[in-house]
Structure formats: C-alpha cells, structure tokens
Protein chains: 2
Amino acid sequence: MLQRLARSLPLLGWLKDYNGSVFASDALAAVIVTLMLVPQALAYALLAGLPPEVGLYASMLPLVVYALLGTSATLAVGPVAVASLMTASALGGIATVGTPEYLGAALVLATLSGLVLFAMGLLRLGFLANFLSHPVISGFVTASGLLIAASQLGQMLGVSGGGHNLLEMGHNLWRQWPHTNLATLAIGAGVLLYLYLCRRSLKATLVRLGVPARGADLAAKAAPVSAVIVTTALAFVLDLGSAGVKLVGEVPGGLPSLALPSLDADTWSALVPAAVLISLVGFVESVSVAQTLAAKRRQRIDPNAELIALGLANVGAGVSGGSPVSGGFSRSVVNFEAGAATPLAGAFTALGIALATLTLTDLLAFLPKATLAATIMIAVSTLIDLPAIRRTFAYSRTDGVAMLATLVLTLAHGVESGILAGVGLSIGLYLYRTSRPHCAVIGRMPGSEHFRNVERHQVETDERVLILRVDESLYFANARYLEETVMALVAERPNLKHLVLACQAVNDIDASALESLEAINRRLEDAGLNLHLAEVKGPVMDRLKRTPFCEELTGQVHLSTFEAWQRLTSPALAVVSPPQSVAGYSSTTGGLSGR
Amino acid sequence: MLQRLARSLPLLGWLKDYNGSVFASDALAAVIVTLMLVPQALAYALLAGLPPEVGLYASMLPLVVYALLGTSATLAVGPVAVASLMTASALGGIATVGTPEYLGAALVLATLSGLVLFAMGLLRLGFLANFLSHPVISGFVTASGLLIAASQLGQMLGVSGGGHNLLEMGHNLWRQWPHTNLATLAIGAGVLLYLYLCRRSLKATLVRLGVPARGADLAAKAAPVSAVIVTTALAFVLDLGSAGVKLVGEVPGGLPSLALPSLDADTWSALVPAAVLISLVGFVESVSVAQTLAAKRRQRIDPNAELIALGLANVGAGVSGGSPVSGGFSRSVVNFEAGAATPLAGAFTALGIALATLTLTDLLAFLPKATLAATIMIAVSTLIDLPAIRRTFAYSRTDGVAMLATLVLTLAHGVESGILAGVGLSIGLYLYRTSRPHCAVIGRMPGSEHFRNVERHQVETDERVLILRVDESLYFANARYLEETVMALVAERPNLKHLVLACQAVNDIDASALESLEAINRRLEDAGLNLHLAEVKGPVMDRLKRTPFCEELTGQVHLSTFEAWQRLTSPALAVVSPPQSVAGYSSTTGGLSGR
C-alpha cells in the first residue's frame, strides 16, 4: 500500500533533484503556457455555456493537483475543446444556460467525472479506455471539431446559435442570420483571418527575420493573445458594446473560493453517463499526449497513476468553481517545447492564471465574444481529419464503418449517442469478424511433415481422416460457427472415420468453446466418428486437462499433425488430391497427382 | 435468389422420397408428441398468464409452418417454458393479466419475435446469437427454471402468487400462504409426487415387466397425460370446483380464426426489446437441440433457414391467436426417439392438437390448475443445473463470473436485465482478457535458431536488441497495452538500439493496433531506437503493405526472428543471461551461463 502511494506520488521522485536551472525552465514554460491558456480558458467556458471565470477557475487548482500527482512532466491540464462540448451537451439536458442550476450542474459534472477517474485508478480499470478504439475516437474528435466550429458561427455573426447536433445548429443559424451584427462579424472574421495567417506563415516569416526557430514557433502559437489585446482595446475605444457587439462583460475579480458542489441526488444520477464518457475521452486523449511527449525523453507515464491524478484534478475543479479538465494537446506540446522539465511547470502556470485573474478581469470585460469564437474555430480546425476516414477504409472496412458511423451519428444526434454507437459498433464488428474464423481443411505435402490448405496446394488426403485447422482462438463468438463448420464437413463425407482439429493458432478456449467441443465430440460419436486434437498449445492443454473433456474425447490428443496423420492413415490408402477449385489457383494436376 | 428460395424450402428435398413407411413413422411420433404436448400447451399458457386455449392455438399453425420450412426433421416446435416466462415478464410491463389488452399484446409479441427472426434470417444475422455465450445461456436457463418453479408454488397452494423476480414471488407467497386451499395442495402435491416417481422409476419398472426400453421410456414421458385424466375425473366426480380448487374452466371449442394482431404502435415499440431477447434465446435453444438430434443421423441443419422457419412459425402463432413458440428440448427428443423421419411429423402433431381441441375442451374445463403447475415444476426441474456454476468456475474464472452474474441478476431483477447483464459482462470480460495479452521478451537458445522466453530459459540476449513476442492478435482492446508494454521495456534499457516485435501469433492487426504501431515507431524514433517486425503472417503483411507504415518503419521487416537477430547483433557482444527471477523456475546457473 505504501509502495502504491509512493508510485502515485511521483513528485517524491523529481523533487529531490530540483534546482535553479530546472526552476528556470519550468518558469519560462509556465509564462508561455499562461499566455496561451488565458484566452483558451475563457473561450472553452463560453463553449460550455458557462461564465468566463469558470474557465479561469478550472485552470488553477486542478493544475496544482496534477503537478503533485501526475506522472507526466509536460502534460498541460485545463479546460479543453471536446470536453467543453460534451459538458454543454450534458448540462443542456438538465438545466438552462445562464441559470445557477446550470453552473451548479457543471461543478457536479467536474466532481463526478473526477470521482469516476479516481475510482478507475484505484480499481486499476484503465483498460476500460480500450473500449474506445482509435477509429471511434478519431471519428468522434473530427465530428466534435465540426460541431464546435458550427456552434461558434452564431457568435461570429452576433446571433444566438445553439443546438446539440448539426441539424439543430443549422436550423437556428438559418432562422437567425438576418439579425447578423456587422461589427461583430467584422471582428470575428478579422481575428479568424489574422489567426489563420499567423498559423500559416508567422513562424516562417519570423525565422526569415532572424528569430530562432523555437521562439518563432512559440510566438506563432501565442498569436491569440495579441488578437485578444487588440480587439479588447478596439472595443473599449470604439465603445463597440453600444454598437451591439457582445462582450465578455463583468468577470468577478479575485480567486475562486472552495465549496462543495450541490448534493442534489437527481443532478448527480442524471450526470453519471456523461461523466463516464467525458472521463474516458479525456483520459484517452491525455494519456496519448503524455505518452507521445514522454517518449521523446525516454520517460514513462503510468496510466493508473494518471487516472488518479486527473481524477483528483477534476475533483479540484469541481470544488473550486471550475468545469471538467483534461490534458490539452497543443498546450502540452507548447509546454514541452518551451522546456517544461517537471510537473511544477503546471503549478507555475496556475500561479500565472491566478495573477491574470487578479489583475486583468476589468480589461477582459471589453473582450468581444467573437474574438474568442474565432480562437476556438482556429484551435479546433486541427481536430478535424476527414481524410482519416478514407485511410481507415482502405486499411480495414470494418474499422472504416465504425469510424464513419461514429462521425455521422455524433453530427446528427450529438456527442453521447455518437460515441456510444461507435463503441457498440466497434465491439460488435470485432465479434463479427472473429465469429467466422478462417478454417482450412489441410492435407500433407507429399513426402514432408508439413500440412497445407487443400484448396491451395496439392496435398495428400485420406477419405477416412479429415484435418481441420482453425486460425483463431476459440471463444463464445465463434464456438457455434465451429460446430456448424465441423458438422457440415462431416455431413458431406460418408466414409469419414476421424476428424482432427489442428490447434496451433488457438491461443485460448473459453467455456463456451469447450462446451462446443464437447458437443462436437458427442455428435461425432453418435455419427460413428472419432474427434482428435493436434498441436494444442501448453497453457490451453493445461486447462483442458482439468476437465473431463480429455477422458470423454473419442480420439486422442496428438503432439503434431504429422503424428496424427501417421497414426490414423495407412499409407497405402492415402491419395494425392488435386487442388480443389479456388479462383486464381490452377487446378491442373502436377507430377504427383496420379499416385 | 431462386437457389436461396430452394434452400429455404427444404421440403422439396424430402418430399420426393416420401412413402408409406415414412408416413407410418411420422404418424406414430405425432401421436406420442400430441399426448405430451396437450398438457404442456395448457400449462405454458398458464405460466405466461394467458388463457389455456392460447397454448393449444400456438401448437397448430406454427407447427405446420415449421414443417414446410424447417431444416430439422425432428425439432418439435410449440410453447416452451423459458419463452413463456419471458412472455409473462414482457407483458406484465404493459398490461394486466386477464384483460383483452394482455392477450392482444401476447399476439403482437409472437408476431414481432417472428418478424425479428425472419429478418435475421434474410439478413443472415444468425451470428448475433453468438453474443449469448454458453455460460450466460446456462445461468439464464437455470435461473428461469428456478423462477418458473417458484411461480408455480402459488398455483399449488391455491393462492395467487405472482411477481417477476424471486423477491417479489417470495414476498407474495409469504403474505398469502395462510389462504392455502388444502384440496388444491393435495392435488398439486399428489401429482408432483406421482410425476416424480414416474420420472425416476417408471421406465425401469416397465422394462422389468418386459416392456421394450423405447416404449417404456415414451410411456414414462407421457405420464402427465394420465395425471391430467385422473385429476380431471376427480374434479368432475368430487365437484372440487365448489371446494375452492381452481380449474382451467371454460375453454372455447373450435379452431382458432386467423386475424391480424393489434396494430397499436405503442404496444409494438414497447415489446421490441423483449421480442429480440425471446427470439435470440428461442433460436439458440432450438438450433442447439436440432443440431444435436441431426448429428445422430449425420444430417445437417441450416441456421439461417431455421431463422426463417422459426420466424414464420411465430408469425403464424401471432395471426392464429397463439403465444411465441420455439423448439422444445424434451419434446424434440421424444419426437426423435418415437421415430419422426421428416418435418411432416410436426404437421401431424398439429392435426392431433386440432382434434384434441375439437373434442376435449369440455372435459378440460374440469382440469385442476394445480395439476398443470405440478407438470410445469417437473418439466423445468431438468433446466436447473446448479453444479454447472462450479464446473465453469473450475475451468475459467471469467466465464464462471459471467454465469453467476446472469443467474443472480435474473433471479433478483427478472429475465430481461439478467440476460442483458450477462451478455454485457461476457463481452466485457472477453475484451478484458484479451486486452492484456501474454507478451514475452525472448532470447536465442544458444547455438540454435530458436528463441524462448528469457524468464524461463537460459538464452542469449543483447543489451542493444530487445525481441518481444506478442501471443495474441492486435486489436483495439490491447493496442494501448502494447504501447505501454513497449515503452516501459524501453524506459528500463538505456543502451537499447533495436526493438523487434515477433509476430508469429498475431492473426490480425486492426486499424487501432496499426495506429499504435505507428505511434510506437514514432516514439522509438524520437528516443533514437529502431522498430523491427519479424515473422509477420502473410495476410497481415498484405494489409500492412497497403499503408505507409512499412515505409515509415525505422527498422526492417524480417522473415524470421533468427534473421533479425543475425542482422542486428554482432555475435561477439552477445551474452548468455541466467533466467530472470520467476517463481518456480530455478535461477541457478547452468553449464552455459559463464560463456
């Protein structure tokens, strides 16, 4: 237990080597991440339908908690785009945007998803994240990016968009675009163009002007800060608020106070499914970012410790007025490239956000919401990867179907049904794929101890002995298929006396498959045949020996297929059959076929 | 399409060989099955909360339909115990027993589950039945048997029991047992004892008296008929109805009329989940019985044709006033042993039931319900197999957990949640099991081309080259585990230059696993290492070649592990390491360890 505690307190490892130069690296990274995080924190709060300060609060205590418990030196925790979209979707079902109930539910959601992650960490249930296959995550993230971009169009036009799927959003925009505020549109479009150009060519331009590559890159990534400053100044000087441009407005100064979230049982139970999904998606994204960055320095992250760290960070968000948090991709890359050496960089970032909150809130009141909307649209454009659908289809049709279905359902029905359908579909398709394993009737390559598919090779067979190779572990999804395959083969062969299952590719036999083998054995016995096994792997055999199956077996267990062949055939009766008709394979007889 | 039609009309196969002796066999079997089916049809209607004639109606048209379309010569279709329990559970949620709505919903349920089966047959979705693993089915059937037996206790005492799980049933019985009708109890207990003795020793006794074994067996199985006759006569003569014994009462004479079931959309949509479950359970049980019996004669059944046949049989039940039907186990065995040669035996049984309905309904009015309850209790006692839990646990803990959970949840929460939880759990546990595949670091057996686990054997290793063997197909459930395993191994070995994945046990690599391999490749590259593959199977390699992965691979694809070893190590640097600490394996050095 103590050892486990030590493992979940990785700071015991890096704190003893902490010194001035490490501090300098961490502090520099913190400054840069803070500059990037302030506009993002405000923007993602807006996206989640929450007051802007909630984003700032979510960027303080959670970062400190993660710094104490996290195993990644560079993962930058805070509000992220996809989780904010999922938060908006979850809260929209139980409260109205702008009400105290809505805010209260957001805190419950953060706490709840924190508790879910924490429990998964304690119970070592990180494998549950495996249910989210890559194609499902990829389709879901692309769809989320599209939904987020669409949701910000309303803010860019200065109208209230809204809706939880693409149809609703399109419908609302269609009704409201005549009310477009031109000043808002000018700011939104201007910032969008500016950020797009910065992203595309600021780095290259700065490098040409003699700025070192790393500095140029970080400057390009901090471009939103300049957009925020300029448009805030414009709004203040030109009094754009009176011109109908929606501004962020009064942001309460000061730090968040700690408070337990609402304990209303209905709210908690209504939010459980959303909390589980947000936790899983956030965890998968965080771990994948953290692993990618850790590998660059040959460091290691511990997924179960990450669950605990992210879990308590979210509980921290919930009790300090923040929305759900997880590791952000671009933010963590900036943190890494700026030289963050230990998780303490995150704690320093929290300090930076706290300073910004204490000093800048009066100015932020004049920040146009359209600026934040443009920031979000540029940020999520990196999430959208439509060519991945074609790539995935080219590699695997079933994976492509899962990805496309997740994408389409997320767009059409919202985030929760999209991801659930994707998970169900990828599991179903996997079971379907393995439910019809490749099986081959094999025969002996003349003169050798090798056995090959009778449909592809000229091999010796014997009408009394059938050897069937199964190229998959046997488990419930394919157990009945095996029964059917065997009985169909037997029904076609009236002279058959022995059936041999060659098991070299069978890594496991579960209880369903064992029952099927027992049924096959009994049925073959009723039909006057013997069932044999060959090449059973050691661990599989160990388990079979614990059951009565081996005694009931009408045939034997042979070490090798060749051994089974030798015992069950008398060579005089063996014939070489020509390859059976398979498209693309010649069925002309070779030199041995007349034997 | 025509070929498909011909395949789904198996009667074209057997009808041309039909002759007098086949007819005689079929007719004899039909007489015996009819004797067995009449009390069962009444009893299972009672169990489903339906009027007794519904069971008789379900034993006419459906049997004729199955005779025309079914591929099993011996499967005896009709109302069965488990489906009747599930029917009661499904209908209890939307109507009150005894109302016209309840009866109407039963006909909708039969039609709907027929359409589900039929659609599954057309779309060749029979594999969906694979989701019901053997342990789940077994746990579910045992729990159903217990629930059915418990539900009949009320009838045996002459009180109204009721309830959809064991707690409700227990509670209702506890409240009502003081109202026990002693005459009813006498009849119920008497019949129960009589049937129990018949089952246990009638066959042996008859054989001792010189009756042929087969005849004795069939006589023992027809014992309920004598119980029905005797108790009906007693009730009539002693006027037990006036003594408070509940009788079957007025059964409408005449044959059912054809009518479309209610078209109320709410009823249909409310019954969809139950219809799917009843279909799947009924299909699995029917096919398993049919396959067992077909194999004894080296015949074959076609599961997709069975779906269509059972589907239309259920639609037939729904439009002729009957409840859902499927293949019954004991009934089919009797049919088989009595010599049924073609599906026509089923049609003759339907004729027998029709004759019984036309002639016996006046007499059946005096049949005590307690007699039917005792019949049911004896019939379902064969379903209950508690030792199977221990057997399954001994073979596989995860399968045992799935079985026990299904059993407990079915008893505690009713049939639908029980079976759904079982299905979810067995899929989840399977994914969990394969999500942590066995992986072994392997080294070269000195002087050979063989590579073995370094923890079990004294093998040559090289600190610059790590060879990892993965004993499972790579797919979404274990893709991240592979990433973590590889990065953990690399993090421990500062001098490593090459990582080789030995893939001889990898039957498939899905899109998630491909992305993980790409991530591993990139991360190893960042850390200055090369990734190699060895022994990749042909079909897996074919698909990998269609992606950019092979070009991006920092190392090479080697045909064999030995080839990789030869290319990547210079023999002078190879060392023989002693086996690493593994419990049970000696770590004392052998003759080669000093080399």
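Into which domains is chain A divided? In this predicted model, local features need pLDDT of at least 70 and side-chain atom pairs count only at pLDDT 80 or more, while totals for chains, interfaces and linings use all residues. Residues are numbered from 1 along each chain as its sequence is written, chains are lettered from A and ligands numbered from 1 in the order in which they are written, and side-chain values use heavy atoms, without hydrogens and water.

Chain A comprises domain 1 (19-383) and domain 2 (439-577), with bounds from an automatic or database domain assignment. Over C-alpha atoms, the centres of these two domains of chain A are separated by 58 Å.

Turning to helices (DSSP runs of H or I, at least four residues, numbered from the N terminus, as are strands, E, at least two), helix H25 (residues 561-568) of chain A has as its buried residues Thr561(A), Phe562(A), Ala564(A), Trp565(A) and Leu568(A). They lie on the same side of H25(A) because they cover an arc of only 160° around the axis, taken from the directions from the helix axis to the C-beta atoms. Buried means under 20% relative accessible area, exposed over 50% and partly exposed in between (1.4 Å probe, protein chains only).

In chain B, Glu455(B) sits in the loop between strand E4 (451-453) and strand E5 (459-461). Glu455(B) is partly exposed, at a relative accessible area of 38%.

Finally, the two chains can be compared. Chain B is superposed on chain A by a rotation of 180° with 0.0 Å of shift along its axis (RMSD 0.1 Å), using least squares on the C-alpha atoms of residues with pLDDT of at least 70 in both. The two copies are therefore related as by a two-fold rotation axis.
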